[in-house]
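Subject: Structure handover

Hi,

Here is the structure I promised to pass on. Please open it alongside this note.

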Amino acid sequence: MPSPKKNMENKGFFSSMTSSLSMFSNAMHRSVNGFIGYENLEVVNPEGGKDDAEEEAQRGRWKQEERDSYWKMMQNYIGSDVTSMVTLPVIIFEPMTMLQKMAEIMEYSYLLDQADECEDPYLRLRLGQYLCTYYALQRTWKPFNSILGETYEMVSHNGITFISEQVSHHPPMSVGHCENEHFTYDLTSKLKTKFLGNSLDVYPMGRTRVTLKRSGVVLDLVPPPTKVHNLIFGRTWVDSPGEMILTNLTTGDKVVLYFQPCGWFGASRYEVDGYVYDANEEPKILMTGKWNESMSYQPCDVEGEPLPGTELKEACHLDTPKNDKYQYTYFAHKINSFDTAPKKLLASDSRLRPDRYALEMGDLSKSGAENMVVFLHFWTVP
C-alpha cells in the first residue's frame, strides 16, 4: 500500500498536470484569438509597405463594433468549410448570385470564337486561355448563395445563350451551359473553402469543358486556388498563387500558367507567366502578363526563349470602369440587366431575387431581411 506521503505526491503531480494543461489551453485560446482577432494582428497591405499598417487596419469595410460582432459569430467556424453558410451580413455581399458570377466567363467569349477559327493548334490554345475573365475573381465581395432550383439565363451577347442552375444545396453545386455557332462551354461549379479567421482559402473542385465546333477539339480547364486576405481587419484583397492548366484532350497539347504569389511590398502581384506546350511537353508559345490588366504571347524555342525576329503580341486586354463600387466591368453590369434576359424569363431567375435587387438599389437593411426570408422559405418548403 502506498504511503500517505506518496498519495499526496501523486495528487500534487496530477493536480499540477491538470492545472498546467488548463493554463496551456487558455493560453492557446488567447493566442488564437489574439492572432486572428485583436492582439498583434498583422495587416497585410497588398500595395506594399508596412509604414501605414495602423491606417490600413482601419480601411476595411467594417466598423469596430461590426468587427467585434462578426468575429464573435465566425470564430467557431475556424478551419471549417463555409460555402453553405447563409447567416452572413449583407455588407460583405455584392448584388450578384453565384449563378450570375458563372456567366462572367463569357465576357471575352469572342476569343473562343477566334480559337475555333484558328488553324494553328498552339495559337488556338493561347486564345482558349483568356485570363482576363479572372479579374472577376479578385472582387472582395461575396455573391449571394443560390438556392436549390434557382436559375439564371442570358441572351443577346455575341450570339451566345447561357443558362445555369443550382442543382445541390449541401454541398453547394451549380451547373452551367453556354453555346453559340463556334463553341459549347460546360461548367460544373463546386468550391471547397477553409475559413482561417482573417482569411479564407478557396479550392475549385468543379469541372470546365469547352468544345470547339469546327475542329471538334475538347479543352479542359483547371484553375488555381484562391486566398482572400483581411476578411475582418484591414483592406480585403485576393491572391491566387498556383497553376492554371488548360489541356487539349484531343491532342494532348496544353497551357500551363503560373500565378505568382504576392510578395513583400506587393512584388509580383497579379503577374502570370507560362507556356503553351505540345503533346511532348516542349514549349511552343511564351505567355506573360497580369491577370487584372492584359495577357501577351510570343513564339519561343524548345528552351522557352523568345524566337529571334518575333515580338510580344497582346492577346486580351481588360476593359473596366473607373471607381466602380463593386469593381464591376461593363459586362458585369449587363449580367444584372434585363436587357440580356430572355423574353420569357423563369420565375426562378436570379435577377428576380428581392435580396439581390435590394442590395443593388443600396438598401442593405431590406436586403438583409429579404435574404433571411429567402432561406427561411427554402428550409420550410417540403
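Below is what turned up, starting with a helix and ending with the charged pairs. Bear in mind that this is a predicted model.

Helix H3

Start with H3, which spans residues 64–74. Four of its residues are buried: Arg67, Tyr70, Trp71 and Met74. They sit on the same side of H3, because they cover an arc of only 100° around the axis. The face pointing away from the buried side carries Glu65 and Lys72, both exposed.

Next, go to Thr226. This residue is in strand E11, residues 226–229. Its relative accessibility is 14%, so Thr226 counts as buried; the cut-off for that is under 20%. What does the side chain of Thr226 make a polar contact with? The partner is the side chain of Ser240, at 3.2 Å.

Salt bridges

Side chains of opposite charge can pair when their charged atoms come close. The structure holds eleven salt bridges. Here are some of them.

- Lys101 and Glu94: the closest N and O atoms are 3.5 Å apart. Both Lys101 and Glu94 are buried.

- Arg209 and Asp220: the closest N and O atoms are 2.7 Å apart. Arg209 is partly exposed, with a relative accessible area of 26%. Asp220 has 12% relative accessibility and therefore counts as buried.

- Lys254 and Glu281: the closest N and O atoms are 3.7 Å apart. Again the pair links distant parts of the chain, 27 residues apart. Lys254 belongs to strand E14 (residues 254–259). Glu281 lies in the loop between strand E15 (271–277) and strand E16 (283–290). Is Glu281 buried or exposed? At 54% relative accessibility, Glu281 counts as exposed. Lys254 is partly exposed, at 24% relative accessible area.

One group goes beyond a pair. Glu150, Arg353 and Asp355 are linked in a network of salt bridges.

Over to you.

Best wishes

Key. Residues numbered from 1 in each chain as written. Predicted model: local features only at pLDDT ≥ 70, side-chain atom pairs only at ≥ 80, totals over all residues. Heavy atoms only, no water. Buried < 20%, exposed > 50% of the residue type's maximum accessible area, 1.4 Å probe, protein only. Helix = DSSP H or I, 4+ residues; strand = E, 2+ residues; numbered from the N terminus. Arc of directions from axis to C-beta. Polar contact = N/O pair within 3.5 Å; in protein donor to acceptor, adjacent residues only side chain to side chain. Salt bridge = Lys/Arg side-chain N within 4 Å of Asp/Glu carboxyl O.
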